[in-house]
Amino acid sequence: MRCPFCRHSDCRVIDSREVDDGVATRRRRSCAACGRRFTTVEEAVLAVVKRSGVTEPFSRDKVVNGVRRACQGRPVDEDALAQLAHRVEEAVRAGGTAEIPSHEVGLAILGPLRELDEVAYLRFASVYRSFSSIEDFEKEIADLRDAPARDTPVRAAPT
Ligand SMILES: [Zn+2]
């Protein structure tokens, strides 16, 4: 690890601790040449496997960009998009695997997006699930009506 101040290559780790519930390790380092200190964060790369078989690192920005298109003209601000991307990352990381198929990232987007904005959700779902007819939309809308994402009381099953 090169010193970001003087580019010297000999830097000593002076402290190391787990952060984010052990998902990442934060290290405090000290440069042997200039003595300055800096922090590095190390975490496992979460790879997204595309349909072509190509893998790329998971990126919250990509999630935001994909969802932003569906949210055009909707009352959804950047904060909400960032929050949604955070939830998606948590969901896919919770799976505990280092590689995740891209369609599962799409799946992880659907739930939070539905809570955020139902119109944006419909737009996103129509592309993601390749709706091919008006019936596909009708069915999805019927599902939305039957089970609203918000205000759904959790009831115990009748005994
Ligand atoms: Zn240095």
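Please keep in mind that the model is predicted. Ser130 sits in the loop that links helix H4 (118-128) to helix H5 (134-146). Its phi is near 45°, a positive value in a residue other than glycine. Most residues other than glycine have a negative phi.

Arg7 also has a positive phi without being glycine, here near 70°. This arginine belongs to the segment before strand S1 (11-19). With a relative accessibility of 54%, Arg7 counts as exposed.

**The chain as a whole**

Let us step back to the overall fold. Five helices and six strands make up the secondary structure of the chain. Their order along the sequence is β-β-β-β-β-α-α-β-α-α-α. The radius of gyration is 21 Å, well over the 15 Å that the globule rule gives for 159 residues, so the chain is more spread out than a compact globule. Taken along the principal axes, the C-alpha atoms fill a box of roughly 70 × 45 × 30 Å.

How much of the chain counts as buried? The share is 30% of the 159 residues. If you look at contacts between residues at least 6 apart in sequence, 42% of them join residues at least 24 apart. For the charges, the mean position of the 26 positive ones lies 8 Å from the mean position of the 26 negative ones.

**The annotated region**

The UniProt record, an unreviewed entry, places the feature "domain: ATP-cone" at residues 46-136. Over residues 46-136 the chain is 63% helix and 10% strand. The end C-alpha atoms of this stretch are 33 Å apart.

Is Cys31 buried or exposed? Cys31 counts as buried, because its relative accessibility is 3% and the cut-off for buried is under 20%. Arg26, by comparison, is partly exposed, with a relative accessible area of 40%.

Which residues does Cys31 touch, leaving aside its neighbours within four places in sequence? The contacts of Cys31 are Cys3, Cys6, His8, Asp10, Cys11 and Arg36. With its own neighbours within four places set aside in the same way, Arg26 is in contact with Asp15, Ser16, Arg17, Val19, Thr39, Thr40 and Val41.

| Residue | Relative accessible area | Class |
|---|---|---|
| Arg7 | 54% | exposed |
| Arg26 | 40% | partly exposed |
| Cys31 | 3% | buried |

Conventions: Residues are numbered from 1 along each chain as its sequence is written. This is a predicted model: local features need pLDDT of at least 70, side-chain atom pairs count only at pLDDT 80 or more; totals for chains, interfaces and linings use all residues. Side-chain values use heavy atoms; hydrogens and water are left out. Helices (H or I, at least four residues) and strands (E, at least two) are DSSP runs, numbered from the N terminus. The radius of gyration is taken over C-alpha atoms; the globule rule is 2.2 Å times the number of residues to the power 0.38. Buried means under 20% relative accessible area, exposed over 50%, partly exposed in between (1.4 Å probe, protein chains only). Contact means heavy atoms within 4.5 Å. Lys and Arg count as positive and Asp and Glu as negative; His and the chain ends are not counted. The place of a charge is taken as NZ of Lys, CZ of Arg, CG of Asp or CD of Glu. UniProt positions are given in the numbering used here, feature names are shortened, and annotations may be inferred rather than shown by experiment.
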